[in-house]
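Subject: Structure handover

Hi,

Here is the structure I promised to pass on to you.

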Amino acid sequence: MSPALPDGDAAPSDGALPPSVAAGAQDRAFGVYLHVPFCTVRCGYCDFNTYTAVELGGGASQSSYAATAVREIALGARVLTGAGLPARPVSTVFVGGGTPTVLPADDLVAMLRAVDDAWGLADGAEVTTEANPDSVTPASLAALAAGGFTRVSFGMQSAVPHVLATLERTHDPARIPDVVRWARDAGLAVSLDLIYGTPGESLADWRTSLEGALATGVDHVSAYALVVEDGTRMAAQVRRGELVLPDADDQAAKYELADDLLTAAGLGWYEVSNWARTPAHACRHNLAYWRGDDWWGVGPGAHSHVGGVRWWNVKHPRAYDARLAAGLSPAAGREVVDAEGAALERLMLGVRLAQGMPLESLTSAERGRVAGLVADELVDGRALLTERRLLLTRRGRLLADLVVRELAGFGS
């Protein structure tokens, strides 16, 4: 069961944005997120807005999905022009899901072409697709590269068969070196996504996964702690006692092992859960989220942010298709981010980055709380004094949410 949409104001049927969005837009980069809501199998821990049926009825199907998404892209171009926004080429495109590569490569390329037609791609634009290791071939990866994609992010998750089985992942871990090689041969940059903290995963299992990822020579690794959301099949298994979640100490030990091994292999952390060989290998699309840039989210359940206005689309692909077919915006609701909300988001996102936050960007109240965080070894005191930047220590990375709460004054 995917999470419910946020509460918010009703979105206008034509998707029109308030004139306020144009203020300062020229100072923000613009990206596009394309959601592909289909998977071959739904994993037990997943609460994303995904569907396993090829044909969902009412015009919503995998075979017609690209054409439906292209209609929203055209709508987006009209809406932004109508709001008086300056023309901004797209800096980054990220195709996520779901499993985008369950669609033919030609469909993904067609969506990218529509983005280029609508807004134009900036020189050197980063164009990423997520992929499962068992959903690509050398030919499909070559077609993506030829069509303008520059990067692929494979959902490796683990190199250990029993861990993959608990996660209900279907790929053979022995396939990972092959898909990495195929992607690189096609000229694509490659990232591997890992999950730690699966029930039954030992520290040795996690080491095996990290070493397996590093053995491929990739230049980017994401490592996320497993979060079991209510309503998922795994949550029900935990509730019945069939699976036992690891404790916080286990999660911390696995994060520290990841940081040790990835750093030793030449990959530096640039965001709490992400490591790259050089700054050029970082995921620029995700950095745009963390820096508060603008993006249009295409697809059912996709979220967008432009000029301080957030909105989100209807969740079901059938409803999404029906609204676009009728010439309506698929937006289900929206909100204008107020100053208080923007300030909290600035903290939540900014502290997670290795570059940290300039001390001057904090309010006087926030600066007054920093000394306690230094004393608790959550914030780097040396960087505070010499660079006047708030940087998390490794202990602070483990407790990043606590740091945000303390800075915002919620912890006192």
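This is a predicted model: local features need pLDDT of at least 70, side-chain atom pairs count only at pLDDT 80 or more; totals for chains, interfaces and linings use all residues.

Residues are numbered from 1 along each chain as its sequence is written, and side-chain values use heavy atoms, leaving out hydrogens and water.

Let's start with some strands. Helices (H or I, at least four residues) and strands (E, at least two) are DSSP runs, numbered from the N terminus. Strands β4 (residues 90-97) and β5 (residues 121-131) pair in the parallel sense over five bridges; pairing requires that DSSP finds at least two bridges between the strands. Val 95 has Thr 129 in β5 as its bridge partner. To get from β4 to β5, the chain passes through helix α2 (residues 105-119), and this β-α-β crossover is right-handed. That term means that, with the strands pointing away from you, the path from the first strand over the helix to the second runs clockwise. On to the next neighbour: β5 also pairs in the parallel sense with β6 (residues 151-157), over four bridges. Thr 129 turns up again here, with Val 152 as its bridge partner in β6.

Now for α2 itself. Its end C-alpha atoms are 21 Å apart, which agrees with the 21 Å that its 15 residues should span at 1.5 Å a residue (the expected span is 1.5 Å times one less than the number of residues). Among the buried residues of α2 are Leu 108, Met 111, Leu 112 and Trp 119. Buried means under 20% relative accessible area, exposed over 50%, and partly exposed in between (1.4 Å probe, protein chains only). The cover over the buried residues of α2 includes β1 (30-36), α1 (62-82), β4 and β5. Just after the helix, Gly 120 takes a positive phi of about 85 degrees.

Is His 35 buried or exposed? His 35 sits in strand β1 and counts as buried because its relative accessibility is 7%. Leaving aside residues up to four places away in sequence, His 35 touches several others, including Asn 49, Tyr 65, Gly 97 and Pro 300; contact means heavy atoms within 4.5 Å.
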